[in-house]
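Hi,

Here's the structure I promised to send over.

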Amino acid sequence: MAKNLLLEVGTEELPARFLAGALSQLKNLLEESLQEKSLVFESCRTFGTPRRLVAFVTGVAEQQTPLLREIRGPTRQQAYDQDGKPTTAALGFARAHGVAVDQLEVRKTDRGEFVFIVREEKGQPALQVLSEVLPQVIRRLSFPKTMRWEATNFRFGRPIRWIVALLGSEIISFEIAGVVSGRRTFGRRLAGGFKAGLEATLNCADDYWTVVDQLGIVIDPEARKEMVARFAVRLAQSVGGRPEIDEDLLEEVTFLVEAPYGLLGSFDDRFLSLPKVLLKTVMRHHQRYFPVLRYDDAKTLLPHFIVICNGKPEDEEKVLKGNKRVLEARFEDAAFSLAEDQKVPFVDLSLRLRSIVFQEGLGTMADKTQRLMKMMGKLAQRMGLDLGKAIRAAELCKVDLATRLVNEFTELQGWVGGHYARQNGEDEEVAIAVEDHYKPLAPGTALPRNRIGVALAIADRLDTLITCFDRQLMPTGSHDPLGLRRAASTLVQLLAETEPGKHLRLSDLLSDGFQIISEAVLLSDDPQQTRQRLTSFLETRLDTLMEERGIDYDLRRAVLAAGFDNVRAALLRAQALQEERKKNPVTFSDAVTAFTRVTNILFQARQRGESMNDAVNTDLLMEAAETELYQMVTQIAGSFNKQVEEEDFGAAFRTISELAPAINRFFDDVLVMHPEESVRRNRLSLLKRIENCLLQIADFRKIET
Amino acid sequence: MTFQKLLLELQRFWEGQGCVLLQPLDIEVGAGTMHPGTALRVLGPEPWRTAYVQPSRRPNDGRYAENPNRLQHYYQFQVILKPPPNDVQEIYLSSLEHLGIRLTEHDIRFVEDDWEAPTLGASGVGWEVWLDGMEITQFTYFQQMGGIELDPVSVEITYGPERLALFLTGAPDVFALPWAEGITYGEIHRRSEYEACLYNFDKADVSTLFTLFDLYEQEADRILGEGLIVPGFEATLKCSHIFNLLDSRGVLSVMERTRYIKRVQELARRACQGYLRQREEMGFPLLKGTATVSAPQRASDCPS
């Protein structure tokens with residue numbers, strides 16, 4: 001009879017950001033281990049709150065699936081004499097494994113004939129298998145950061161305080177970090193008075209659902225998330241508003257509580273005169289509240305907030321009073337910082353950048369600003385920006401790091417710069433660029449709103465990457481304290497997915513960057529090597545971006561191999577190929593096969609030291625098939641180049657695909673490697689012309705057909 | 001509830017948990033962690049439980065007594081439990097009930113917040129404890145001190161008594177808190193808070209501070225070299241405070257700042273290593289006297 005399995009690992013409060021990862025690992029590890037151990041089950045689901053990681057597996061077989069075990073003995077010649085009678089070797093082998101000698105079987109193997117004992121091993125009982133599997137699974141869970149807390153120095157995300165492990169009604173017994181598994185679970189810490197400490201004893205795994213329900217815990221994160229969102233909407237509606245729900249905050253709040261209960265609080269109207277962004281940041285980031293907007297006007301903030309408590313407090317008024325007090329104190333702090341900052345002339349703030357370090361050995365933020373101004377000069381030329389505004393934006397972009405406000409609320413960097421720039425009467429385009437230059441904050445999030453902002457975002461990342469790579473500060477494994485991986489991914493995204501990316505080549509950007517930096521900073525490493533390392537780092541990020549955009553592995557390799565100096569074009573080329581492959585797989589594959597014939601033969605010819613020209617000598621064209629190919633190549637060249645120029649790589653691919661039949665006829669009818677050197681060279685030169693076109697899209701040899 | 005009553009009640013509670021009630025360190029420190037009762041005692045295998053009030057100074061946090069939420073001089077109530085009992089969170093929560101906070105009426109959360117003190121080479125993992133949205137305590141499982149991995153780890157509970165008192169009394173700001181019947185926190189500290197800010201930010205003589213730092217550093221180096229651990233550590237704390245003053249005077253360039261931190265860190269590291277060596281040579285005396293520092297409820301479990 002199959003049974004259900006419950007595992008609940010009770011912990012002290014796991015950080016919200018650990019939970020989603022831990023739960024998906026728990027599911028995968030458990031499923032893998034059960035399969036590996038041949039323990040059949042129906043389904044496996046995981047659930048969790050800050051204080052418990054839960055797995056529920058249904059239909060677990062009572063025993064492992066029987067295993068056919070083969071034990072190899074001596075060779076046949078050793079085991080039987082000429083009469084076919086078992087020798088002492090055979091008898092010994094049988095005895096050693098406790099079987100009768102007539103149960104031995106002869107089997108052929110790669111290495112000859114051997115005698116075997118074939119035994120169906122009855123599977124171990126599930127209870128026993130699980131008592132080994134479960135602690136291993138728990139041990140293998142990984143967290144962004146681990147800690148020690150008890151005598152065995154076991155490492156986990158937070159201390160483990162109890163473990164429930166039941167198969168049906170039986171305890172799966174094991175011990176980990178000094179905690180012995182059992183059937184006792186605990187409720188919300190404070191429900192019903194903490195000393196009473198609600199706890200419950202489970203008779204069997206299936207009891208769990210009723211028990212957590214009685215304890216008032218919502219173990220399913222999805223259900224909790226819905227509850228949180230419902231609370232927020234309903235409470236906001238009660239004051240004619242709607243909550244501003246950002247997905248990250250919703251997720252975090254969901255993982256901060258075991259039993260969501262929402263309350264609507266309000267703050268003094270007078271704080272509404274502070275900038276909205278500031279108010280929202282304080283509410284969201286510092287207090288994990290949902291801000292409330294007017295229902296019919298999302299631009300107007302209402303003097304309310306929504307707090308999600310861990311369970312319904314007995315005295316809602318007290319809780320609200322406490323929260324209001326903290327929120328208003330934070331607002332006071334912000335108002336104080338804002339007022340203090342405004343006493344300092346904007347120019348003086350920029351002087352303070354001289355005392356804020358960028359990276360040890362890489363100067364201060366004032367030095368960085370100087371470099372960014374030079375870089376913006378170059379970018380303004382390349383992108384056709386207003387030079388004055390571009391340089392001014394660079395000059396101002398880091399000034400807010402010297403403000404009290406950013407010191408208090410680091411997440412407002414950028415926004416504060418834009419805000420103060422506006423107050424200082426700067427051009428709006430400049431202010432927006434300053435505000436936006438940290439964007440995208442993460443891959444896939446909002447991009448800067450104007451071209452100067454894009455340029456500044458590119459310049460900033462380029463400077464950080466070059467200087468840090470020069471100092472060997474590259475990220476290793478998951479360790480990336482300077483956020484260089486994010487800087488590189490977002491740089492790639494800026495180049496690939498904004499209009500200005502069209503005008504920029506990576507090689508130019510790197511040359512400009514290295515030149516400007518080497519004038520200001522003593523480079524510690526060979527710039528050529530740094531440049532190579534950085535380029536291949538960026539290539540990996542671009543590959544990831546392409547993967548995220550749904551490009552197949554072979555197409556990514558083919559496009560990257562043909563170059564990605566213009567990052568935007570590289571992504572467009574890959575997307576075009578993906579689209580063509582999807583629309584018409586057969587044509588696509590045929591064209592690729594034909595192209596590969598071209599590139600392969602050229603590859604071989606180069607290896608043999610054959611030379612080729614850029615021009616084709618028409619006088620040397622002898623066969624019909626080569627004349628035809630030559631004519632077609634000449635014919636399509638114009639439209640192909642135009643399509644490439646216009647970045648319409650789909651059309652360019654279709655244009656050059658028209659050559660496919662002619663290419664195939666050429667290879668069928670014409671001997672490329674003609675004994676006559678001049679003919680041979682002419683034919684190779686014709687193919688090289690095609691190859692030149694192909695390489696503007698991809699290295700087609702890397703594409704699977 | 002008054003401020004002094006709050007401190008008394010916290011001491012009473014933790015006395016009941018078998019803590020040694022130490023008194024504040026008579027040297028300027030930035031946090032209760034720097035008291036030898038924490039910084040040195042968390043090292044090595046000897047069990048240890050202590051609780052004490054520690055006046056703390058962070059010159060940079062001053063706001064000339066204008067901002068009711070920011071002070072350069074304030075108090076910490078510090079608890080160390082080594083090794084931590086399994087129900088350490090519950091014990092902590094019952095300390096709040098002991099202060100008259102009925103937990104079921106409120107919203108309590110443990111929100112991730114790891115902690116690090118670079119000058120001491122110390123780090124830990126834990127939470128801020130939120131009471132109705134207000135951070136009232138830092139709760140940390142110490143993992144490292146003086147660059148040394150701790151075994152066993154200690155739990156450090158650091159209450160912010162001003163915040164707790166604000167919560168309990170409903171006073172509008174810290175200066176209005178009743179310290180004792182008829183006298184407020186402001187009446188005791190406001191003027192000195194203002195003067196200290198003036199001194200820290202504007203008046204402290206920079207060249208004297210630079211000289212003092214060097215002198216204390218030399219002294220710490222010399223006496224640590226002679227194997228006098230606590231005096232050496234105290235001279236290190238002096239360096240740390242003078243560094244903080246230099247920092248609030250705004251005279252350290254970023255590079256210098258980093259270098260100064262490293263200089264203090266190095267002395268702290270030597271003091272911690274020296275302490276551990278010294279205790280080992282003494283045969284870790286508190287390992288034998290375990291009963292005197294363990295919780296009474298544990299002791300009563302033993303057959304008499």
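First, a term you'll need: a salt bridge is a side-chain nitrogen of Lys or Arg within 4 Å of a carboxyl oxygen of Asp or Glu. Arg404(A) makes one with Glu340(A), and their closest N and O atoms are 4.0 Å apart. That's the count between domain 3 of chain A and domain 4 of chain A: one salt bridge.

A bit of housekeeping. This is a predicted model, where local features need pLDDT of at least 70 and side-chain atom pairs count only at pLDDT 80 or more, while totals for chains, interfaces and linings use all residues. Residues are numbered from 1 along each chain as its sequence is written, chains are lettered from A and ligands numbered from 1 in the order in which they are written, and side-chain values use heavy atoms, with hydrogens and water left out.

Now the layout. Among the domains of chain A are domain 3 (221-341) and domain 4 (348-548), with bounds from an automatic or database domain assignment. The C-alpha centres of these two sit 33 Å apart. Their contact (heavy atoms within 4.5 Å) takes 15 residues from domain 3 of chain A and ten residues from domain 4 of chain A.

There are also four residue pairs in polar contact between them, both residues at pLDDT 80 or more; that means N or O atoms within 3.5 Å, one able to donate a hydrogen and the other to accept it, and residues adjacent in sequence count only if both atoms are side-chain atoms.

Cheers
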